[in-house]
Amino acid sequence: MTHVGLDIGTNYTKATKDGKEVKIFPSLVAYGEEKDWSLTGESKDVYVGEEALTIIQSMENVEALRPLHEGRLIHKSYIELAKHALEILKVKPEVVATGLPVKSSRKEREELAADIKSKLGIDVLVFPEPVGTLAYMGIDTGVCIDIGFGTTDMLVLSGMEYLKGDTMLVGVDWLFDNIDVIVRNKVGINITPEELTNLVIDENYEIGRIRSGKRITVKHSDIEEDYRRLVKVWVERIANRIKLMLEGLSTAIVDNMVITGGGALLPGVKNEFEDAFREITEIKTPDRPIEANALGYYKLAEAIVKSSVKSEAQEIKEDKEDEKKKKGKKK
Ligand SMILES: Nc1ncnc2c1ncn2[C@@H]1O[C@H](COP(=O)(O)OP(=O)(O)OP(=O)(O)O)[C@@H](O)[C@H]1O
Ligand SMILES: [Mg+2]
């Protein structure tokens with residue numbers, strides 16, 4: 001039985017069919033108007049992922065949608081993202097394992113599963129997002145903080161059982177919105193989240209725009225100081241909320257404390273977390289923070305599929321034994 005791990009994030013969708021390689025594309029769906037001419041013989045009106053990103057930058061009258069916003073599923077376009085993920089993975093699975101923010105509603109989870117089942121004919125398993133990373137790391141008791149683009153999800157597991165969790169509407173977007181305002185005030189240009197990511201992670205990156213007949217540039221060094229200051233404030237806010245959640249918990253649970261998601265990869269973030277939790281525990285990160293949830297969902301699906309195949313096999317075996325017994329009695 002084939003299965004897929006699928007992590008539809010606010011910013012990126014990640015998917016794997018083998019628990020090793022992960023395909024990543026922007027969680028973006030664009031609906032275009034039908035064009036007068038089609039020179040490629042195609043007349044598409046839905047664009048997904050990288051293609052959607054290109055199309056919204058080059059075409060007017062295109063509506064671009066991100067199905068997840070502030071931790072809520074606001075649009076059914078996640079079906080397009082799921083379909084696209086399966087297309088690029090070249091797979092038709094029986095089961096898709098995916099995640100939603102910890103504080104998503106039961107109704108949202110049921111709707112997502114029912115929708116994928118009815119439109120794509122695939123069974124769906126839905127997990128609270130950070131569980132994916134813990135499963136990927138083989139941790140069944142611990143705390144996981146998933147710092148995504150739109151939300152920061154936190155979760156406490158004990159023996160693979162959900163103890164408590166929370167979703168904060170403060171993700172990387174909070175940090176980037178603040179830097180965006182600073183850049184706009186300084187040099188009067190807007191920059192995209194993709195450009196900002198490059199600007200903060202790459203010391204040699206430079207953004208250039210033509211403004212009023214002049215060349216305007218923003219370099220890594222122009223924002224470095226503000227970035228460091230904002231990261232401190234940002235991590236402190238998140239850490240305070242986590243500390244509230246940890247209050248009263250056994251130290252055995254906190255021994256495994258993991259930060260994951262793209263936010264955990266941004267410069268200085270792990271250091272700030274280490275400082276904030278110095279008195280409590282060490283901070284761990286998976287080797288692939290952006291992909292870890294998808295890889296973990298895959299692993300969880302594998303275990304569940306295996307155990308259900310096992311229990312089916314056991315049932316068949318028991319049925320056969322029952323039959324044998326009945327036949328034996330008849331004789
Ligand atoms: N090397 C990198 N490549 C891409 N993004 C990176 C990198 N390092 C850090 N990031 C940041 O990670 C963010 C995306 O993180 P992630 O994929 O975990 O979010 P998401 O899952 O889409 O959002 P959410 O979980 O809130 O729905 C990007 O916005 C980017 O700023
Ligand atoms: Mg995420």
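Visitor: What makes up the shell around ligand 1, by class?
Guide: This is a predicted model, so read every value as computed. The shell around ligand 1 holds nine nonpolar residues, 11 polar and no charged ones. Gly counts as polar in this scheme.

Visitor: Which residues come nearest to ligand 1?
Guide: Gly9, Thr10, Asn11, Gly148 and Gly262, out of the 20 around ligand 1. By element, α6 contributes most to the shell, with three residues.

Visitor: Pro193 lies in helix α6. Why is Pro193 called partly exposed?
Guide: Count its neighbours. Pro193 has 15 C-beta neighbours inside 10 Å. Buried needs 20 or more, and exposed means 12 or fewer. The count of 15 falls in between, so Pro193 is partly exposed.

Visitor: What does Pro193 contact beyond four places in sequence?
Guide: Asn11 and Phe176. Pro193 and Asn11 are 182 residues apart in sequence, yet their C-alpha atoms are 9.2 Å apart in space. The contact is judged on C-beta atoms, which must lie within 7 Å.

Visitor: Where does Ile189 lie, and why is Ile189 called partly exposed?
Guide: Ile189 sits in the loop between α5 (172-187) and α6 (193-201). Ile189 has 17 other C-beta atoms within 10 Å. Beyond four places in sequence, Ile189 touches Val183, Arg184, Arg209, Arg211 and Ile216.

Visitor: What makes β4 and β5 a pair?
Guide: Three bridges join β4 (residues 29-31) to β5, and the two run antiparallel. A pair needs at least two bridges, so β4 and β5 qualify. In one bridge, Tyr31 has Val46 of β5 as its partner.

Visitor: What is the strand order in the open sheet, and why do β5 and β6 stand at the edges?
Guide: The order is β5-β4-β6, with antiparallel pairing. β5 (46-48) and β6 (63-65) each have a single partner strand, so one side of each has no neighbour in the sheet. Helix α2 (residues 78-89) packs on this sheet and touches β4 and β5. The direction of α2 makes about 65° with that of β5.

Visitor: How do you know that the reach of α3 is close to what is expected?
Guide: Compare two values. Helix α3 (residues 106-120) reaches 21 Å from its first C-alpha to its last. For its 15 residues, 21 Å is expected at 1.5 Å a residue. Gly121 follows α3, with a positive phi near 70°.

Conventions. Residues are numbered from 1 along each chain as its sequence is written. Chains are lettered from A and ligands numbered from 1 in the order in which they are written. This is a predicted model: local features need pLDDT of at least 70, side-chain atom pairs count only at pLDDT 80 or more; totals for chains, interfaces and linings use all residues. Helices (H or I, at least four residues) and strands (E, at least two) are DSSP runs, numbered from the N terminus. Two residues are in contact if their C-beta atoms, placed from the backbone, lie within 7 Å. Axes are lines fitted to C-alpha atoms, for helices over the stretch in contact, and angles run from 0 to 180 degrees between N-to-C directions. The expected span of a helix is 1.5 Å times one less than its number of residues. A residue is near a molecule or strand if its C-beta atom, placed from the backbone, lies within 6 Å of it.
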